[in-house]
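Here is a colleague's note to read beside the model. Keep the structure open and find each residue as it comes up.

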Amino acid sequence: MKIHWHRRDLRPTDNCGLTEAAGSGSVLPVFVFDKAVLQHGSPPRVAYMLDALDSLRESYRDKGSDLLLARGDPRTVLSRLAETTDAEAVVWNKDYSGLARERDTEVRQALDEVDVARESYHDAICHEPGSITTNDGDPYSVFTYFGRKWLDREKETPYETPDADDLADPASHSVPDRWSTSLPTVGDLGFDEPDADLQSASTDAARDRLDEFCAGDIYRYDERRDYPADDATSRLSADLKWGTIGIRTVYAATADAMERADSDAEAESVEEFQSQLAWREFYSHVLFFNPEVVSENYKEYENGIEWRDDPEHLAAWKAGETGYPIVDAGMRQLLDEGYMHNRVRMIVASFLTKDLLIDWREGYDWFRERLVDHETANDNGGWQWAASTGTDSQPYFRIFNPMTQGERYDPDATYIKRYIPELEAVEAEQIHTWHELSATQRRRLAPEYPDPIVEHSQRREAAIEMFETARGE
Ligand code: FAD
C-alpha cells in the first residue's frame, strides 16, 4: 500500500501522483493541516480549501474508501503514519514555490530516517520548470517565446481516475491517533468565517465551469475577456490553484473546443485562452528559478524605488473608497466574492503603485488575504507586472488612466454599478468623469460616494519622477 499525500491537488481525477500510486496496488489518500502553511492562510482560502476537501472525501467515500486527515507537522505525522501502516511509499505531486520545496525536502529527510520511500510527480502544470528554455538552456525572462513554445508542445492526456479496488480503506488499517476522517471547521483552524460569497469548491463544480465555458464563452474570449461586466472568462482560477481540476483536463477541453471552432476568429479565441494557461505556467517557472521574487523586485532599479508610506490611502484602496469608480468596484468585488476580474486587477494594481505610489508588496499582501485564487506565482507576476518591476512588465512611463480604463472596458458602468450601489442612479457618462465634476455636483449625484482621493494627472507625473529617480536619471 502507498500513501498519497494531497496538497494542492484536491481531486481524485486526472491526478498524476494518485494514479501512479494506485497503479502499484492500493493507495491510502491523506491530507495534512500543516501549521506552517496555515500561518499564510486567510478566511476565504481556508473556507474554500475545506469545501474542496469535503467534496474530495465524499468522492472517496462513494468508492468505499475515505480521506484521512491530520493536523501537525507533515514530517512527523506522515512518517509515523507510513511506519504504522507499513506503507511502501509516500507519494505526492510537486509544488514549485520556494517554501513548498523546502518543506518537501524536509519531509523527504524525515521519511528517509524511517526508511520509507517517497515519490514525487509532476502534475500541477503541463510543462515542468526547466522543460521550456531558450536555445542556450536558460529559463525565459519574457513571455512571448515561452508562450509560443508552450502552445506548440504536445500535451499529456488526463490521468485515469483510480477504481474503488485501487483505494485502501483507512478503517482496515490501524492508524495513529492523530489521524481521523473528520473535517475541522474554519474556526477550528483559527480563522474567522469568511465574509465573502465564494463560488463552490469541488471537482464537479469545476467541471461544470469548464464545460459551460468551453460550450460558449471560449469563442468570444478574445473579444470580451477584458470587459468585466460580461463575465466572459472561465472562473477556473481557484480550481487551478487548489487543483479541484487537473490542468490536462482543462487543456483537453480547450483542444476539443478548438476542433469545434466554426471560424478562424473562434479558433484564435480558443488559442488566446490557451495562452493564459501558458502565462500561468510561465509565472510558475519564474518563481521556481527566482524564489526570491516573492518579496523582492524581479527587475532591479539602480537606486531602489522610494515607495510612499500612506496608511490612509492604502485603507481607502482596500475598502473601495478611492473615488475612482472602476478601482472601487474591483476592490469591492474582491471583498464581496474573494475574486476580481483580470482587467480590473490590472487597473487597481496600477492605481496602488502608480497613483498612490504605494509598494506593490502591500497590494500583494491584501490580495493574498482576500483572493480565493491567490497563487504565489500568478499573484506575484501580476503585481510585479503592474509595478514595472517584473519580467515583461508595463514600462514605468505607461500608466493606466483609471477613468479612461473604466470608460473603455465598462462603458455602460454595468460592472461599476453592480458593486457600488451609491452610483446606481448616476449616468455612466458622469461616472466616467467623476474626477472632473465639482464637489457640489458629486454631492448632488451620489452623496455617499467619495471624492477622488488623489488627482490622477498629478500622480502620474509624481510616479514618473519616482521611477526616474530610481533609475538614477
Ligand atoms: P481566465 O481568463 O479564464 O484564465 C484562465 C486561467 O489562466 C486562469 O484561471 C489562470 O489560472 C490563468 N491566467 C489567466 N490570466 C493569467 C495571468 N495574467 N497570469 C497568470 N495566469 C493567468 N491569477 C491567479 O490565478 N491567482 C492570483 O493570485 C492572481 N493574482 C493576480 C494579481 C494581479 C495584480 C493581476 C494583474 C493578475 C493576477 N492573476 C492571478 C491573474 C488573473 O487575473 C487571474 O488568473 C484571472 O483573473 C482569473 O480569472 P479566470 O479564471 O476567469 O481567468
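1. Start with Met-1 and its contacts. Beyond its neighbours within four places in sequence, Met-1 is in contact with Ser-26, Leu-28, Thr-85, Ala-87, Glu-88, Ala-89, Ala-168 and His-173. Keep in mind that this is a predicted model. Met-1 sits in the segment before strand 1 (2-6). Is Met-1 buried or exposed? Its relative accessible area is 18%, so Met-1 is buried, since buried means under 20%. Pro-158 lies 157 residues along the chain from Met-1, and 23 Å separates their C-alpha atoms.

2. Next, the domains. The domain assignment divides the protein chain into domain 1 (1-124), domain 2 (203-289) and domain 3 (311-470). Look at domain 1 and domain 3. Their C-alpha centres lie 39 Å apart. In the contact between them, 7 residues of domain 1 meet 7 residues of domain 3. About 620 Å² is buried between these two domains, with 52% of it on carbon and sulfur atoms. On the domain 1 side, Arg-8, Pro-44 and Arg-45 lose the most area to domain 3. Together they make up 60% of what that side buries.

3. How many salt bridges are there between domain 1 and domain 3? The count is 1. Find Arg-8 again, one of the residues that lose the most area in domain 1. The side chains of Arg-8 and Glu-375 meet in a salt bridge, at 3.0 Å from N to O.

4. Now the whole structure. A search finds 33 salt bridges. Among them is the pair Arg-7 and Asp-104, whose closest N and O atoms are 2.8 Å apart. Arg-7 lies in the loop between strand 1 and helix 1 (16-23), and Asp-104 lies in helix 5 (residues 98-113), so the pair ties together parts that are 97 residues apart in sequence. Both partners are buried: Arg-7 has a relative accessibility of 7%, and Asp-104 has a relative accessible area of 5%.

5. Compare the salt bridge of Asp-230 with Arg-220. Here the closest N and O atoms are 3.5 Å apart. Asp-230 is in the loop between helix 8 and helix 9, and Arg-220 is in the loop between helix 7 (203-215) and helix 8, so this pair ties together parts 10 residues apart in sequence. Asp-230 is partly exposed at 24%. Arg-220 is partly exposed at 30%.

6. Arg-225 and Glu-272 come next. Their side chains meet in a salt bridge of 3.6 Å, N to O. This pair links distant parts of the chain, 47 residues apart: Arg-225 is in the loop between helix 8 and helix 9, and Glu-272 is in helix 11 (residues 264-289). Arg-225 is buried, with a relative accessible area of 16%. Glu-272 counts as partly exposed at 23%.

7. Turn to the rings. The structure holds 29 aromatic pairs. One of them is Phe-143 with Phe-146, a tilted pair: 6.3 Å centre to centre, 40° between the planes. Where do these two residues sit? They are 3 residues apart in helix 6 (residues 143-152), so about one helical turn separates them. Phe-143 counts as buried at 10% relative accessibility, and Phe-146 is buried at 1%. By contrast, the planes of Tyr-396 and Phe-397 are at 80°, with ring centres 5.2 Å apart, so that pair is edge-to-face. Tyr-396 is buried at 9%, whereas Phe-397 is partly exposed at 45%.

8. Phe-143 and Phe-146 also belong to one aromatic cluster with Tyr-140, Trp-279, Phe-282 and Tyr-283. The charged end of Lys-155 sits over the ring of Trp-150, 4.0 Å from its centre. Arg-224 lies over the face of Tyr-227, at 4.0 Å from the ring centre.

9. Last, check the backbone. Which value of phi does Asp-86 have? Phi is near 60°, a positive value in a residue other than glycine. Asp-86 lies in the loop between helix 4 (74-85) and strand 4 (89-93), and is exposed at 66%. Arg-235 also has a positive phi, of about 60°, and is not a glycine. Arg-235 is in the loop between helix 8 (221-224) and helix 9 (237-242), partly exposed at 24%.

Conventions
Residues are numbered from 1 along each chain as its sequence is written. This is a predicted model: local features need pLDDT of at least 70, side-chain atom pairs count only at pLDDT 80 or more; totals for chains, interfaces and linings use all residues. Side-chain values use heavy atoms; hydrogens and water are left out. Rings of Phe, Tyr and Trp (its six-membered ring) pair if their centres lie within 6.5 Å; planes under 30 degrees apart count as stacked, over 60 as edge-to-face and the rest as tilted. Helices (H or I, at least four residues) and strands (E, at least two) are DSSP runs, numbered from the N terminus. Buried means under 20% relative accessible area, exposed over 50%, partly exposed in between (1.4 Å probe, protein chains only). A charge sits over a ring if NZ of Lys or CZ of Arg is within 6 Å of the ring centre and within 35 degrees of the ring normal. Domain bounds come from an automatic or database domain assignment. Contact means heavy atoms within 4.5 Å. Buried area is the accessible area (1.4 Å probe) that two parts lose on being put together, summed over both. A salt bridge is a side-chain nitrogen of Lys or Arg within 4 Å of a carboxyl oxygen of Asp or Glu.
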